[in-house]
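I opened the model to look up its sheet and one of its helices. My entries follow.

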Amino acid sequence: MKLSVIKLDGKAAGDVELSEAVFGISDIRGDLLARYVNWQLAKRRAGTHKVQTRNENSRTGKKMYKQKGTGGARHGSRRAPQFVGGSRAFGPVVRDHGYSLPKKVRALALRHALSSKVKAGDLIVVDSVSVKEAKTASLRETFGKLGWTKALIIAGPEVETNFGLAARNIPNIDVLPNAGLNVYDILRADKLVLTKAAVEAIEARFAEKEAA
């Protein structure tokens with residue numbers, strides 16, 4: 001599968017051959033993508049929500065009133081959940097929301113996400129992403145001419161310093177190195193922009209998994 005390569009100024013820069021196994025899946029499985037996204041969002045939850053249980057409440061431990069003779073229900077503590085100022089029953093506690101997802105499922109979901117962008121015509125390959133000066137205004141103008149209003153840019157092994165500085169304040173533009181490629185960010189972006197170096201790294205990554 002061939003795809004045209006462009007430069008940041010919009011000019012043509014040849015073609016690149018894309019792997020059918022990585023970018024050429026035609027039957028996109030939404031269930032795989034949903035499993036990966038749910039797993040990814042669950043992993044990044046902080047899990048720091050916490051309420052006071054009865055043993056943590058500093059309210060008095062004195063018996064509210066005598067056991068018998070009041071005509072009311074029997075109570076032994078104002079820390080009970082039914083009283084104002086009491087503790088909460090079965091509230092959230094600090095915990096890890098993450099769970100395991102097989103590596104093969106994650107790898108397949110990433111292939112389907114990449115292929116979905118190719119199928120929709122929203123995958124763009126650029127020769128490289130670098131600028132001489134870290135000027136946000138000029139880079140925003142460049143993105144506007146290219147039609148990149150909501151894009152994920154995978155810049156290669158590392159993000160070029162000036163390009164990263166210029167792009168970080170542009171709304172709806174995310175710039176990541178190869179290691180940051182993930183299904184959630186791919187799906188929520190209108191355009192997926194890969195450098196030639198990023199394409200090579202992605203294909204090499206899957207080739208190594210197949211060899212293993």
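I started with the sheet: it is open, has six strands in the order E2-E1-E3-E6-E4-E5, and its pairing is mixed. Strands here are DSSP runs (E, at least two residues), helices likewise (H or I, at least four), numbered from the N terminus; two strands pair if DSSP finds at least two bridges between them. Strand E2 (12-17) and E5 stand at the edges with a single partner strand each, so one side of each has no neighbour in the sheet. Neighbouring strands are turned by 30° against each other on average, direction ignored, with axes fitted as lines to C-alpha atoms.

I noted that this is a predicted model, where local features need pLDDT of at least 70, side-chain atom pairs count only at pLDDT 80 or more, and totals for chains, interfaces and linings use all residues. Residues are numbered from 1 along each chain as its sequence is written, and side-chain values use heavy atoms, without hydrogens and water.

Next I checked two pairings. E3 (residues 123-126) and E6 (residues 191-195) are parallel over four bridges, with Leu 192 of E6 as the bridge partner of Leu 123. E4 (residues 151-154) and E5 (residues 173-176) are also parallel over four bridges, and Ile 153 has Val 175 of E5 as its bridge partner.

Then I turned to helix H2 (residues 30-43), where I found Leu 41. Leu 41 is partly exposed at a relative accessible area of 28% (buried is under 20%, exposed over 50%, partly exposed in between; 1.4 Å probe, protein chains only). The buried residues of H2 include Tyr 36 and Trp 39.

Key
Axes fitted to C-alpha atoms, helices over the stretch in contact; angles between N-to-C directions.
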